[in-house]
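Work through the exercises below with the sequence and the structure at hand, and try each task before reading its solution.

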Amino acid sequence: MDITLVNLPAKRFRYTSLGVLPPLGVAYLASALLEGGHNVDIIDIPASDLSLEDFRRLIRHKKSRIYGISSTLFGFQDVINFSEAIKGEVPGALIVLGGLCTVLPAEDILKNIPAVDIVIPGEGEEPLRQLCEIVSCDGDLKEAKGIFFRGGGGALCYSGKTQRQKSDYFPAYSLLDMKKYYLHPPFGVSFPVASMETSRGCPFGCRFCCLSKSYRPREIERVIEEMAYLKQNYGVNEIYFVDHTFTISAERISALCREIIKRGIKIVWSCKTRVDLVSGDLLRRMRKAGCYMISYGVESGSEKILKNLNKGISVKDIENTMSLTRKYGIRSVAYMIVGSPGETRETIKESLALIKRIKPDYVLYNALAPDPGSELFSDAVNNKIVEKDFFKNAVFSGEDKDWPLYSTPEFSSSDVEFWVKKGTREFYFNIPYVFRSLARIRSMNELKIILRGARILLSDIFFGKDKYLIN
Ligand code: B12
Ligand code: SF4
C-alpha cells in the first residue's frame with residue numbers, strides 16, 4: 001500500500017530553533033512501514049520550504065491511500081490547512097495525525113478537524129504499522145491497537161493500548177534529502193549534519209517537562225553502526241544527538257566514546273544533558289570522541305526556584321559542572337527559564353548573577369510557557385494562571401495566538417519578556433564576551449557562525465515577535 005508521511009513546519013519559529021534537522025519521528029515511522037512491505041515516501045515541508053500551494057501540486061498526482069501528518073503543538077495551525085488540502089486533492093485518502101500535538105485530546109481533534117480521520121498519540125511505529133496492515137486488507141479499524149477514530153454516528157472509538165516498538169532499526173534516511181539539513185549557530189560547526197537518537201525518555205521529574213518518563217537506551221553497537229552508516233552514505237561530519245538526556249548512564253556513554261575512538265569515526269557532535277550527570281572523567285572521554293558542545297538545563301540561579309521546578313540539582317552542581325566542562329575543552333550552552341513558579345526580581349537577578357559566574361559559551365533565556373502534558377500545566381490551570389481550555393480554543397479557532405506564560409502578580413508576562421531580553425542582551429552584548437568569542441575563532445567557518453548567530457540574536461531582540469526560544 002502507498003503511504004505518504006508529512007512533516008509539518010512551525011513557520012513562526014523557523015529562525016529561532018536549532019536549524020532544519022532530519023525529521024526523525026517520521027523517518028522512524030517510515031522504517032517500520034518499509035519493514036511491513038509498504039511503499040512509503042516522506043514530504044518534509046520545512047526542509048523543502050514548500051508552501052501550501054506547492055504541497056497541493058505535489059500530492060495531486062500522488063494518490064496515496066494513507067497520509068500520516070506529524071506535528072508539534074507549535075505547528076498546529078498547519079495541521080488544519082494541510083489536512084484540508086489533502087482531503088481536497090485526494091478525497092478518498094485516510095488522514096492520520098501523530099506527533100507531540102497529540103497532547104491535545106484525540107476527541108477534541110476529531111471533533112474540530114473533520115479532515116483528520118485517525119489520531120495516534122505517543123510513539124507511532126507499532127500502531128501505524130498495524131493500521132496500514134488492517135487498511136490494506138480492508139479489515140476492521142478496531143483491530144489496529146493504539147488508535148482513535150470516529151465510529152458509527154461519529155462517536156469516538158479507541159482501539160486499546162498497543163506494545164511499544166521493539167526492533168532497533170535506523171530511521172529511513174534514504175527517503176530524506178540529507179543535503180538539505182543544517183544547524184543554526186551556535187551549533188553547526190561542520191557540514192553535512194544529521195540528528196540521531198541513542199535513547200528515548202528521561203526518568204527525572206522536572207515539573208515543566210512533557211517528555212516521556214520511560215527511559216529506553218539503544219544498544220551501543222547499533223548506535224555506532226548508525227554513525228558509521230551516516231558517515232559512509234551521506235558524508236555526515238556533525239551529529240546533533242536528540243536524546244532527552246544523553247548521559248543518563250555514564251557507563252554507556254563511556255562505552256560509546258570508546259567505540260567511536262576505536263573505530264576511528266571522525267564526526268563532531270553535541271548533546272543535551274543534566275549538570276548532575278557528568279563527571280570529569282566522562283567529559284574527558286566525550287571530548288576525545290568528538291563532543292564539542294553540551295547543552296545543560298541550568299534553568300535558574302536560585303535554589304528556591306530549582307526546588308519549585310523539582311529540578312533535583314543545586315547551584316553548586318551547576319558551578320562545578322560548568323567549570324569542568326570548560327576544563328575539558330567542551331563548549332556549553334546554558335538553558336535558562338524565566339518566570340518559574342515563585343519567580344521574583346530577586347530570583348531572576350540570582351539567575352543573571354549565576355550566568356556571570358559560570359560563563360557558559362552560550363545562554364538561552366526562555367519564557368516559561370506551561371506545556372500541556374507537564375505537571376506545571378495542571379498547576380497553572382488549578383491556580384487559574386492558564387485557562388484549562390486555552391489550547392483547545394486557541395488551536396481550533398485557527399488564530400495564531402501566543403502561548404500563555406506562567407505569570408503571577410509578583411512577576412507578570414511583561415516582566416518575563418523584559419528579563420528574557422535583558423538577560424540575553426547582558427550576556428551577548430558586552431565587550432569581554434565579544435573579545436572571548438573573537439579570540440576563539442580558528443577558521444572562516446567559525447567566523448561565519450558567529451556572524452550568523454549575531455544576526456539572529458539582533459533580529460530577535462530588536463525585531464522578533466518570537467518570545468519563546470525553546471529549543
Ligand atoms: C530535534 C528537535 C527539533 C528540530 C527538528 C524537529 C524535527 N524535524 O523533527 C528542530 C530544530 C527543527 C526543532 C524545532 C522546533 N522544536 Co523541537 N525538538 C527537537 C527534539 C530535541 C527532538 C525531536 C526528535 O527528533 N525526537 C525523536 C523522534 C523519534 O520522536 P518524535 O519526533 O516525537 O516522533 C515520535 C512520536 O511523536 C510519533 N510521531 C511523530 N510524528 C508522527 C506522525 C504520525 C502520523 C504518527 C502516527 C506518529 C507520529 O512517533 C514518532 C516515533 O516514535 C525535541 C525534544 C525531544 N527530545 O523529543 C524537541 C521538541 C519536539 N521541540 C519542541 C519545540 C517547542 C520546537 C520549536 C517550536 C522550537 C522553537 N522555538 O523554534 C520548533 C518547532 C518545530 C516544528 N516543526 O514544529 C518541543 C515541542 C513541545 C510540544 N509540546 O509540542 C520539544 C518536545 C522540546 C521541548 N521540550 O520543548 N525541534
Ligand atoms: S527537563 Fe530534561 S532532565 Fe528534566 S525530566 Fe525533562 S528531559 Fe528529563
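Two residues are in contact if their C-beta atoms, placed from the backbone, lie within 7 Å. The model is a predicted one, in which local features need pLDDT of at least 70 and side-chain atom pairs count only at pLDDT 80 or more, while totals for chains, interfaces and linings use all residues. Residues are numbered from 1 along each chain as its sequence is written, and chains are lettered from A and ligands numbered from 1 in the order in which they are written.

**Exercise 1. The whole protein**

Task: Describe the overall build of the protein, and explain why its radius of gyration agrees with that of a compact globule.

Solution: Next, take the secondary structure: the protein has 17 helices and 17 strands, where helices (H or I, at least four residues) and strands (E, at least two) are DSSP runs, numbered from the N terminus. Then turn to the radius of gyration, which is taken over C-alpha atoms and compared with a globule rule of 2.2 Å times the number of residues to the power 0.38. Because a compact globule of 471 residues would have a radius near 23 Å, the value of 22 Å for the protein agrees with the rule. Along the principal axes, the C-alpha trace spans about 65 × 55 × 40 Å. Finally, 41% of the 471 residues are buried; a residue is buried if 20 or more other C-beta atoms lie within 10 Å of its own, exposed if 12 or fewer, and partly exposed in between, with C-beta atoms placed from the backbone.

**Exercise 2. An enclosed strand**

Task: Find out which strands pair with β4, and why β4 is largely enclosed by the rest of the structure.

Solution: Two strands pair if DSSP finds at least two bridges between them. Strand β1 (residues 2–7) runs parallel to β4 and is joined to it by five bridges, one of which sets I3 against I66. Strand β5 (residues 94–98) also pairs with β4 in the parallel sense, over five bridges, and here S70 stands opposite G98. Now look at the faces of β4: I66, G68 and S70 on one side are buried, and so are Y67 and I69 on the other. Since five of the five residues of β4 (residues 66–70) are buried, the strand is largely enclosed by the rest of the structure.

**Exercise 3. The surroundings of ligand 2**

Task: Name the residues around ligand 2 and sort them by class.

Solution: A residue is near a molecule if its C-beta atom, placed from the backbone, lies within 6 Å of it. Ligand 2 is surrounded by C202, F204, C206, C209, L211, H244, T245, R274 and G297. To sort them, use the rule that Ala, Val, Leu, Ile, Met, Phe, Trp, Tyr, Cys and Pro count as nonpolar, Asp, Glu, Lys and Arg as charged, and the others, Gly among them, as polar. The shell then has five nonpolar, three polar and one charged residues. One of the shell residues, C202, is also touched by I248, whose contacts beyond four places in sequence are S199, C202, Y215 and L277. I248 is found in the loop between β13 and α8 (250–262), and I248 is partly exposed because 19 other C-beta atoms lie within 10 Å.
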